[in-house]
Amino acid sequence: MAKTALITGITGQDGSYLAEFLLAKGYAVHGVVRRASTENFDRIAHLTDRIRLHQADLLDQLSVIDVMREVQPDEVYNLAAQSFVPTSWKQPVLTGEFTALGVTRVLEAIRLLGPQRIRFYQASSSEMFGKVQETPQRESTPFYPRSPYGVAKVYGHWITVNYRESYGMYCCSGILFNHEGPRRGREFVSRKITDAAARIKLGLQKELRLGNLDAKRDWGYAGDYVKAMWLMLQQPQADDFVIATGETHSVRELVELAFAKVGLDWKTRVAIDPNLTRPAEVEMLVGDATKAQKLLGWRPEISFPQLVTMMVESDLRINTKA
C-alpha cells in the first residue's frame, strides 16, 4: 500500500521539493498551511491537484493533533519554522515559539496518536554549530549557536532526541547545511545575489548591497537534500545525520560566479552595507557527511558552480517575464 506523508512547511523551498520527491515515490502527500492572508503557494502551485492541504498552526497544539488524526500519516516531516536568521533577532520570542516549541507540539501529537507507527523527521540546521568547536562539523560536534534561530534549532534537535529516547519513537534529525535553489526566498543571501545579478543585467536594478563577503558556507542543492530526509526515515533504526557537501565557499565566491554568469564585473555593482552584518557572526560552516554517505548511501549530485548557474538562469527567466 502507498504510504502517507504529512509535511509542515510544505509551501517553503524544501517542502515543495520534498512533496515532488514523495509524489514520484507514490506517496499520498498532505501539507500543513497556516490560515494567513500572506501565505504564498507559488512553490507548490503546480502540485495542488496532487496534494491535500490542511490548515493548522504550530502555535496551536489542538490544530496539530486534529490534522494528525485526520491524515493518519506514516511519515511526518517537520520543515516549518521561522527560518530567516536576521529576523530571529527582531522576533526572538516568536522564533522560539515556532522553531523550538513548535517541534514539541508535533512530537506530542505523534506521541498521543501513533508513537510506534509514525516516523518523524526534524529539520535541524548547521546554524546550531554557530561558533564552531571543530572543523569540519559532524554529528558529534558540540553546538554553539550564535543567533536566536540557532538556539531554537538546538532545542528542536534535542527535544527530538529526547522523545526518541523517552518514548521509543522513531524520530530523526537531519542537520542540514546551507541548501539552495531557484525556489529559495529572495531574503536569503544566495537568492538575493543571483536575483540581483539577473536584474542588474536586465537593467532593472543598479546595485546589490551586502554585509560580510568573507562569511563561508557549505552550499548544496535543496533538491539533493530532500532525498536525504526521506532516506533517514527508511532506516531500521532512527538516528541523526549531518547532510553537507564537505566544500566551503565564501559569499564573495558566490557573487563572483553569479555576476560572471551574466557577464558583469561584480566589483562595480556591489556595495558593502554595515547594517547587513549580524550582531554575532558565524564565520565558517562546513559539514562532514561521512555517516550519511556510509549508512544512507547519500551523496550530493549538483556542484556549487552548477547550483549558482541554475539559480541565475532561473532568475533571468523570471525577471524577463516580469
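Two residues are in contact when heavy atoms lie within 4.5 Å. In this predicted model, contacts were taken between residues at least 6 apart in sequence, and 78% of them join residues at least 24 apart.

The protein chain contains ten helices and 13 strands. Its C-alpha trace spans about 60 × 45 × 40 Å along the principal axes. Buried residues account for 54% of the 322 residues. The accessible surface of the chain is about 14,200 Å². Carbon and sulfur atoms contribute 50% of that surface. As for charge, 40 side chains are positive and 37 are negative. The centres of these two sets lie 2 Å apart.

Aromatic rings were examined next. A pair of aromatic rings is described by the distance of the centres and the angle of the planes. Nine aromatic pairs were counted. One of them joins tryptophan 219 and phenylalanine 304. This pair is stacked, with 5.8 Å centre to centre and 20° between the planes. The pair links distant parts of the chain, as the two residues are 85 residues apart. Tryptophan 219 sits in the loop between β9 (216-217) and β10 (220-221). Phenylalanine 304 belongs to helix α10 (residues 304-321). Buried means under 20% relative accessible area. Tryptophan 219 has 3%, so this residue is buried. Phenylalanine 304 is also at 3% relative accessibility and therefore counts as buried. Elsewhere, ring pairs link Phe129, Phe143, Trp158 and Phe177 into a cluster.

How values were computed: Residues numbered from 1 in each chain as written. Predicted model: local features only at pLDDT ≥ 70, side-chain atom pairs only at ≥ 80, totals over all residues. Heavy atoms only, no water. Helix = DSSP H or I, 4+ residues; strand = E, 2+ residues; numbered from the N terminus. Buried < 20%, exposed > 50% of the residue type's maximum accessible area, 1.4 Å probe, protein only. Areas by Shrake-Rupley, 256 points an atom, 1.4 Å probe, with all protein chains shown as cover. Lys, Arg positive; Asp, Glu negative; His and termini not counted. Charge placed at Lys NZ, Arg CZ, Asp CG, Glu CD. Phe/Tyr/Trp six-rings, centres within 6.5 Å; stacked < 30°, edge-to-face > 60°.
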